[in-house]
Amino acid sequence: MAAVPVTCVRLTTSMHTTQIVGRTSTMKLVPMGRVKSGFPSLRTSRFQISCSAKPETLNKVCEVVKTQLALASDSVVEPDTKFAALGADSLDTVEIVMTLEEEFGISVEEENSQNITTVQEAADLIEKLVEKKNASEPA
Amino acid sequence: MGASRPQKLSGIQKQVLSLYRGFLRTARAKTLENRAHIESLVSAEFRKNSELIDRKNFLHIEYLLRRGKKQLDQLKTVDSVRLSSTNVELSDTKQQSSG
């Protein structure tokens, strides 16, 4: 009599744990990598490394790029999109970087600003500079 | 199109961009109204010349670079003579295109 309910409990708990594990792993994969096929685990790890910038920074950079290039507000600017592909010339890029400097209260060195060609690159550099600024200020 | 374009800039291109950056930086120190004025003028001037002048016409580009640097220095030292400095710029280009 006593043995039956015990096995029942064991079964359900193990079921639960596997379900939870399965759920969390898919939760991780879908939003991070946005991968439809291929090797999701590989793609996500690569994505995490290259995407050091926070989503807020990325969004802000996208907004600045949109206003600077006078793009429609509903147009999609992906982090990997090159400024040149959006119709920006080198003068536009200078303007974008200058506006970003003001938005984030940082100063981008000239050598660095010429290496920025995508939203992702801009956001990564901004995060680095903002961190540096925050680290030096309280001291 | 843009993805395949090499991002390497020539020395003179870097100089032009650096001058442009200098103008925009200097404009930040001015009042809001003057700043907008300077920015629109400078941007129009650079864009116009970028289309007007052949990219191999180094003599002309170098001349414009020198002139721009002088104008930038002037803009830096004088507090807010936006109109006089921009008028000079405009009349200069008119002389050029006519002569």
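This is a predicted model: local features need pLDDT of at least 70, side-chain atom pairs count only at pLDDT 80 or more; totals for chains, interfaces and linings use all residues.
Visitor: Where do I start with chain A? Which secondary structure does chain A have?

Guide: Start by counting elements. Chain A comes to six helices and zero strands. Read from the N terminus, the order is α-α-α-α-α-α.

Visitor: How much of chain A is buried?

Guide: Look at relative accessible area, residue by residue. Under 20% counts as buried. In chain A, buried residues make up 31% of the 139 residues. For the outside, turn to area. Chain A exposes about 9200 Å², and carbon and sulfur atoms supply 61% of that area.

Visitor: What share of the contacts in chain A joins residues 24 or more positions apart?

Guide: Take the contacts in chain A with a separation of 6 or more. Residues 24 or more positions apart account for 58% of them.

Visitor: Now the two chains together. How is the size of an interface given?

Guide: It is often given as the accessible area lost when the parts come together. Here, the area buried between chain A and chain B is about 1800 Å². Carbon and sulfur atoms give 54% of that buried area.

Visitor: Which residues of chain A lose the most area to chain B?

Guide: They are Leu91(A), Met98(A) and Gln114(A). Together these three give 35% of what the chain A side buries.

Visitor: How many residues are in contact across the two chains?

Guide: Count each side. Chain A brings 18 residues, and they touch 18 residues of chain B. Polar contacts are counted as pairs. The rule finds nine residue pairs in polar contact across this interface, both residues at pLDDT 80 or more.

Visitor: Which elements of chain A give two or more residues to that side?

Guide: Helix H4 (90-104) and helix H5 (110-113) of chain A do. The largest share, eight residues, comes from H4(A).

Visitor: What kinds of residues make up the chain A side?

Guide: Sort them by type. The side of chain A that touches chain B divides into six nonpolar, five polar and seven charged residues.

Visitor: How many salt bridges cross between chain A and chain B?

Guide: Look for a Lys or Arg nitrogen within 4 Å of an Asp or Glu carboxyl oxygen. Across the interface, the rule finds seven salt bridges.

Visitor: Which residue forms a salt bridge with Arg47(B)?

Guide: Glu95(A) does. The closest N and O atoms of Arg47(B) and Glu95(A) are 3.3 Å apart.

Visitor: What about Glu101(A)? Which residue is its salt-bridge partner?

Guide: The partner is Arg28(B), with the closest N and O atoms 2.9 Å apart. This pair crosses between chains, from helix H4 of chain A to helix H1 of chain B.

Visitor: Is Glu101(A) buried or exposed?

Guide: Compare its value with the cut-off. Glu101(A) has a relative accessible area of 2%, so it counts as buried. Arg28(B) stands at 26%, so Arg28(B) is partly exposed.

Visitor: Which residues form salt bridges with Glu102(A)?

Guide: One is Arg28(B), with the closest N and O atoms 3.8 Å apart. Another is Arg35(B), with a closest N and O separation of 2.7 Å.

Visitor: Why does the pair of Glu102(A) and Arg35(B) join two chains?

Guide: Check where each partner lies. Glu102(A) is in helix H4 of chain A and Arg35(B) is in helix H2 (residues 32-52) of chain B, so the pair joins two chains. Arg35(B) is buried, at 15% relative accessible area. Glu102(A) is partly exposed, at 38%.

Visitor: Which residues do shared partners join into one network?

Guide: Follow each bridge to the next partner. Glu101(A), Glu102(A), Arg25(B), Arg28(B), Arg35(B) and Glu39(B) are joined into one network.

Visitor: One last residue. Where is Val16(B) placed?

Guide: Val16(B) is in helix H1 (residues 11-28) of chain B. Its relative accessible area is 22%, so Val16(B) is partly exposed.

Visitor: Which residues touch Val16(B), leaving aside neighbours within four places in sequence?

Guide: Val16(B) is in contact with Phe46(B), Ile61(B) and Leu65(B). Distance can also be read between C-alpha atoms.

How values were computed
Residues are numbered from 1 along each chain as its sequence is written. Chains are lettered from A and ligands numbered from 1 in the order in which they are written. Side-chain values use heavy atoms; hydrogens and water are left out. Contact means heavy atoms within 4.5 Å. Buried area is the accessible area (1.4 Å probe) that two parts lose on being put together, summed over both. A salt bridge is a side-chain nitrogen of Lys or Arg within 4 Å of a carboxyl oxygen of Asp or Glu. A polar contact is a pair of N or O atoms within 3.5 Å; within protein, one must be able to donate a hydrogen and the other to accept it, and residues adjacent in sequence count only if both atoms are side-chain atoms. Helices (H or I, at least four residues) and strands (E, at least two) are DSSP runs, numbered from the N terminus. Ala, Val, Leu, Ile, Met, Phe, Trp, Tyr, Cys and Pro count as nonpolar, Asp, Glu, Lys and Arg as charged, and the others, Gly among them, as polar. Buried means under 20% relative accessible area, exposed over 50%, partly exposed in between (1.4 Å probe, protein chains only). Accessible areas come from the Shrake-Rupley method with a 1.4 Å probe; for residues, only the protein chains shown count as cover.
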